[in-house]
Amino acid sequence: MSEKIILSGLFPQEICEKLSLKQAFRAKQIYQWIYKGASSFEQMKNLDKETKAVLEEKAQIYSSTISKTLRDPDGTIKLQITLNDGRAIETVLLTDKEGRKTACVSCQAGCAMKCAFCQTGQLGLGRNLTAGEIVEEFMYMEKEAGTLDNIVFMGMGEPMQNLDAIRKAVAVLTDKNGRALSSRRITLSTSGIISGIYDLADNGPKMRLAISLTTADPDLRMELMPVTKGNPLPELKKAISYYAQKTGQRVTLEAALLSGKNTGEESAARMIEFAKGLDVYINLIPWNPVPGLDFKTPDYKECERFVSILEKNRINVNLRKKRGTKIGGACGQLGRSAVEKDEIS
Ligand code: SAH
Ligand code: SF4
């Protein structure tokens with residue numbers, strides 16, 4: 001492991017203190033170079049020799065490295081990133097019809113939530129990522145794909161369990177003197193940790209919120225998502241309502257559709273009941289296969305039947321197309337590289 005000071009995820013004042021720089025404006029210059037995408041100290045043209053020497057001796061910009069870049073013919077890109085302790089994480093780029101680029105970043109190596117249908121959930125939790133590591137995911141993807149428009153915390157891990165690091169990463173990425181990303185372009189997705197939803201509503205930062213509902217049938221949800229145990233559906237609904245009121249933002253509900261499990265009329269009725277009184281948008285994702293898991297992807301007809309019941313009840317619903325499945329980069333497929341290093345080449 002490197003002993004050097006890692007600069008990603010630090011504000012100018014922190015850079016100044018950690019490097020014991022005499023001139024504060026030098027730290028600001030370093031900071032601005034990092035968010036312009038500099039990958040070496042040599043590129044930091046306006047620095048004096050002395051500062052460059054301090055940097056070379058004591059610091060490095062990034063702590064992680066890209067171990068593999070995978071490109072799906074549909075335009076999706078997946079980066080496999082190795083952290084400085086050897087753990088593996090993944091970051092995905094999605095491009096929509098209008099050409100907007102969204103980085104789907106991980107906030108943990110693995111995940112503790114154990115959702116039955118998710119690849120990452122099978123890994124268990126390795127550890128939380130640092131703010132710097134999250135910032136690095138974004139910056140690496142930007143180097144790979146060009147200027148990014150959006151960031152979504154929908155990669156590996158449960159964001160509410162690492163909210164402090166996410167807050168710091170978001171503060172850095174939205175800082176006007178740095179990368180200056182707009183906060184309207186940030187979305188966080190949670191499996192439904194109620195205390196985190198209130199925390200985010202009350203203490204910010206302001207961002208869009210998505211909830212992985214999956215199903216509004218309490219018994220089935222308990223079976224598929226153990227998080228339901230400490231976070232029951234009626235309380236979850238109250239928290240969503242609070243978030244929407246407090247922030248003035250419409251919340252998204254997500255559901256991975258599992259053939260024969262959560263796509264029937266009864267499931268649709270439960271979802272409609274859950275959505276009643278909430279101003280929500282529902283995003284449906286046909287299940288992406290995960291090796292070793294015994295679920296089936298519903299066919300188009302099964303999905304459409306579910307969609308049409310929701311639509312009849314005037315619910316805003318969207319059936320997502322498959323993206324990045326060829327490179328294991330679709331929702332719920334992240335993390336295979338952590339167990340099987342060479343499965344795709
Ligand atoms: N951990 C966070 C965010 C990442 S998961 C969360 O769970 O909200 C992103 C979305 O993909 C979640 O809505 C999750 O339910 C869904 N998902 C998980 N595994 C999936 C799979 N195999 N196919 C389709 N969607 C999946
Ligand atoms: Fe974790 Fe999200 Fe996967 Fe559930 S769906 S195991 S919360 S990454």
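# Exercises: spaces, a ligand and a ring pair

The structure holds one cavity of 30 Å³ or more. This is a predicted model, in which local features need pLDDT of at least 70, side-chain atom pairs count only at pLDDT 80 or more, and totals for chains, interfaces and linings use all residues. Residues are numbered from 1 along each chain as its sequence is written, chains are lettered from A and ligands numbered from 1 in the order in which they are written, and side-chain values use heavy atoms, with hydrogens and water left out.

## Exercise 1: the largest cavity

Describe the volume and lining of the largest cavity.

Step 1. On a 1 Å grid over the protein atoms alone, a cavity is a set of points where a 1.4 Å probe fits but cannot get out. A pocket is an open set with protein on both sides within 12 Å along at least five of seven lines. Lining residues have an atom within 4 Å of a point. Grid points are joined across faces, edges and corners, and a volume is the space filled by probe spheres set on the points.

Step 2. Read the volume. The largest cavity holds about 560 Å³ of space.

Step 3. List the lining. It comprises 31 residues, and F117, C118, M154, S212 and G332 lie nearest the centre. Helix 4 (119-123), strand 10, strand 12 and strand 13 each give two or more residues to this lining. Strand 12 gives the most, with three residues. Here helices (H or I, at least four residues) and strands (E, at least two) are DSSP runs, numbered from the N terminus.

Step 4. Sort by class. The lining of the largest cavity has 17 nonpolar, twelve polar and two charged residues. Ala, Val, Leu, Ile, Met, Phe, Trp, Tyr, Cys and Pro count as nonpolar, Asp, Glu, Lys and Arg as charged, and the others, Gly among them, as polar.

## Exercise 2: ligand 2

Where does ligand 2 sit, and which residues are around ligand 2?

Step 1. Ligand 2 sits in the largest cavity (more than half of its atoms lie within 2 Å of the grid points).

Step 2. Name the shell. C111, M113, K114, C115, C118, G121, G157 and S191 are around ligand 2 (a heavy atom within 4 Å).

Step 3. Sort the shell. Four of its residues are nonpolar, three polar and one charged.

## Exercise 3: a ring pair

Step 1. Count the pairs. The whole structure has five aromatic pairs.

Step 2. Apply the cut-offs. Rings of Phe, Tyr and Trp (its six-membered ring) pair if their centres lie within 6.5 Å; planes under 30 degrees apart count as stacked, over 60 as edge-to-face and the rest as tilted.

Step 3. Classify. The ring centres of F11 and Y31 are 6.4 Å apart and the planes lie at 35 degrees, so the pair is tilted.

Step 4. Locate. F11 is in the loop between strand 1 and helix 1 (12-18), and Y31 is in helix 2 (residues 24-35), 20 residues apart.
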